[in-house]
Every structure is written in structure tokens, then in C-alpha cells.
Amino acid sequence: MNNATDVRTKGSHAAGNGESGAASAVSAPDPRGAGMRRILDRETRSSRAGVAGIAAVLVIILCGYGLLEAAVRAIGQPPWLIDPQTAAERIIALPQGIPPLLLGAIGAVTAMAGLFFFLNAVLPGRRARHLLPDRRAGVVADDEVIASALARRARLAANVTQEQVMVVVSQRQVIVNVRPTSGVPVSENAVLAAVLDELRDMAPEPMPEVRVNVATSGVIGA
């Protein structure tokens, strides 16, 4: 690659009460180019290797079993489970010979398995990360790091301790849970404004919506 630019990744996962994070750098071309976009896509999207491996193993087992039964039939031995010809005849004769409840259960399980693999194939898998703007680099921040920064701002706005604030960051939403100190009211609007101001400074992509929950029961102050 000709132009070298950093792709920085910080932290990992979602939730948040402290401030933590790690950074790594990857050499890449111009952040506005297609090369950088491909790198950022790899950093923010989850791998399909696990699901593809499961599908491959299932296909291998099914084909191996079919080959084994065919070989056993070819040498004149009794089948291990069911004769391939008998199985084919029963499939052709469906739904005869199978109780409707069992047939419905088999169909539902098969449909759910097919839907699982189909959705994993066509939907973009997402890691718990957001893109942050930078003129010279592509910056990828883990949701835990974003949650830590938002928890700090929410804590200062609510004037509570670190243990009284819990922030959960997902792809499209930020949930701020605050437990006030007994006898000390907390302004939900002030917490919301502080969190929104911090998010505007970060400008994560995509920009999540913010929801603030203030508990009705407080904790005893130290």
C-alpha cells in the first residue's frame, strides 16, 4: 500500500462503569478510499466463519451417513439406521405414515434451522463497535469505551457515584440507568443533555438514540 494511515480499535463489547480501552494500528490507504472502507467493514462486522463451519459439518455428516448406508446396502448388509431406498419412499409418501404433530414439529425445526442460516448469510453481522470521525485515520471504538465516557458524563450530571450509573451501548441505542442518592433529586433532562453532548462530540457512526432511566428508589449516601 502507498499511503499509510492508522485504523485504531479501542476496548471491547458494551456496558459501562469505568474507563478502559486498548488500541491497535493497521496500515491502510487513504481513509476516504475503498481500501480503508473495506478495512473498516472488517473491523465492524462479525465473521461468518463459525456459522459456515457448522453448516459444513452438518453437510459432511449427512453426506457421510448417506454414503455409509449406500455402501452397506451395496455389500448386502443390514442398514445402520434406515435403508436409503426405504427412506426415499417414505419421503415421497409424506405426509402418510407420520403423525401430524410429529410432522409439524419436524417442519418447524427444519424451518428455524433454515431461517437461521439464511439470515446469517444475508444480514450484515455487527460487532459491538462504532466508527468515529477522523481526518487522518479510520477510528473504530468498542462500545465499552463509548459506554465508559458516557457513564462519566452522566455521573457528573447526576452528581452520583460511579456505582450508581450503568450505561449500555448497542448499535442503535444508548440506555443510561441512574440510581439517585436518597434525598437528592436527579434531573433526567440534565443527564440526557450531558449524554447527548458527549455523543455529539464523539459523533459515532451510526449515531445511537439515548434513553435515560432514573430509578424511583435511591441508595443511601456515604
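In which helix is the place of Leu115?

Reply: Leu115 has its place in helix H4, which covers residues 100–122; helices (H or I, at least four residues) and strands (E, at least two) are DSSP runs, numbered from the N terminus. Before going further, please keep in mind that this is a predicted model, in which local features need pLDDT of at least 70, side-chain atom pairs count only at pLDDT 80 or more, and totals for chains, interfaces and linings use all residues. Residues are numbered from 1 along each chain as its sequence is written, and side-chain values use heavy atoms, with hydrogens and water left out.

Leu115 is partly exposed, with a relative accessible area of 48%, where buried means under 20%, exposed over 50%, and partly exposed in between (1.4 Å probe, protein chains only). Together with Phe118, Leu119, Val122 and Leu123, Leu115 makes a nonpolar surface patch of about 460 Å². Such patches are made of residues with over 30% relative accessible area and no salt bridge, like charges being joined within 9 Å and nonpolar side chains (Val, Leu, Ile, Met, Phe, Trp, Tyr) within 5 Å. The areas come from the Shrake-Rupley method with a 1.4 Å probe, and for residues only the protein chains shown count as cover.

To place this part in the whole, the protein chain has six helices and eight strands, and from the N terminus on its elements run β-β-β-α-α-α-α-β-β-α-β-β-α-β. Of its 222 residues, 27% count as buried, while the chain exposes about 14100 Å², with carbon and sulfur atoms supplying 61% of that area.

Elsewhere in the chain, helix H5 (143–158) has 16 residues that should span 22 Å at 1.5 Å a residue, and its end C-alpha atoms are 22 Å apart, which agrees; the expected span is 1.5 Å times one less than the number of residues. Among the buried residues of H5 are Val145, Ile146, Leu150 and Ala154.

The side chains of Asp197 and Arg153 meet in one of them (3.1 Å, N to O); Asp197 lies in helix H6 and Arg153 in helix H5, so the pair ties together parts that are 44 residues apart in sequence. Arg153 also meets Glu198 (2.8 Å, N to O), and salt bridges that share partners join Arg153, Asp197 and Glu198 into one network. Glu198 is buried, with a relative accessible area of 16%, whereas Arg153 is partly exposed at 22%.

Over residues 1–31 the pLDDT is below 50. Where pLDDT is low, the predicted coordinates should not be read in detail.

How values were computed. Salt bridge = Lys/Arg side-chain N within 4 Å of Asp/Glu carboxyl O. pLDDT = per-residue confidence, 0-100. Contact = heavy atoms within 4.5 Å.
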